[in-house]
Amino acid sequence: LMEAGHVPYFSTKSLSDLGMDVKRVARFVAKNEADVWVVVAASREVLEWFAARPEPAIALFGRMRKLVIAGAGLDMPTACAAATRELIGLGHRRIVLVSPRMHRLPEPGATDRACLDEMEAHGIQTGPYNLPTWDENIQGFQNLLESLFRTTPPTALVVDGVPLFAALQQFLGRRGIRAPEDVSLVSTDFDPGFAWCQPSIAHIRWDTRLVVRRIVRWVDHVAKGRRDLGQTFIPAEFVAGGSVGPVKKEGAISK
């Protein structure tokens, strides 16, 4: 954006800081001068508010589908469905999706829905176990993991985002639960730090340059007075890694 002659800057508060609260977002936006807004990973309610405003805005990720707002997103449903098929092919049936509230409510988003549909297509009855509700704070995440591994532990976890994935690894490490010997792990995001991991981390990846190009092109259109409400979904792919393996036989002991 800078190379194209624009003046981009990060806002002093993120949507997470504002709790995805539309009223708080509205007050914050009113106090900040900007010609356009790039709204990152927003909830449906927040994107609906931006879409209703006369000022231009583009959704970068977030629940934008079927909403009249410009967008740059990922074709995550296809990639996550492929990850789910991989797990099912390895014998996994107790598969848990760890997703934030905005992806689960008021109903599962396209990505989680694709995973659940894939399970059901293979005869796995899905419910709250597969897409659990949890309080999105540190203790809430720990409570979720404690409950999951208390009685009927999952054999595979698909985790939304690197921060949660790292926290999950720490949780498992403290309890001597190994991946993939005891549980298979998939991250829906990629981090350069994965290159240092052994076994390698199964994850979803995409070409970030395509996302950047869409944002820059949209800003250029707005600067020239062109109305651009198109949504571009970048192909994403599942990358199988060493953190995924065959389901552990009941009663087996890892060595």
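Start with helix H1: its buried residues pack against strand S1 (37-40) and helix H2 (44-52). Contact here means heavy atoms within 4.5 Å. Quick housekeeping. This is a predicted model, where local features need pLDDT of at least 70, side-chain atom pairs count only at pLDDT 80 or more, and totals for chains, interfaces and linings use all residues. Numbering runs from 1 along each chain as its sequence is written, and side-chain values use heavy atoms, with hydrogens and water left out. Helices (H or I, at least four residues) and strands (E, at least two) are DSSP runs, numbered from the N terminus.

Which residues of H1 are buried? Val25, Phe28 and Val29, in a helix spanning residues 22-30. Buried is under 20% relative accessible area, exposed over 50%, partly exposed in between (1.4 Å probe, protein chains only). These three cover an arc of only 95° around the axis, so they sit on the same side of H1. That arc is taken from the directions from the helix axis to the C-beta atoms. The face turned away carries exposed Lys23 and Ala30.

Next, H6 (residues 138-148) and H7 (residues 162-174). Their axes come within 11 Å and cross at roughly 50°. Axes are lines fitted to C-alpha atoms, for helices over the stretch in contact; angles run from 0 to 180 degrees between N-to-C directions. The pair is therefore oblique: not under 35 degrees (roughly parallel), over 145 (roughly antiparallel) or 65 to 115 (roughly perpendicular). In H6, Phe141, Gln142, Leu145 and Glu146 meet Leu164, Ala167, Leu168, Phe171 and Arg174 in H7.
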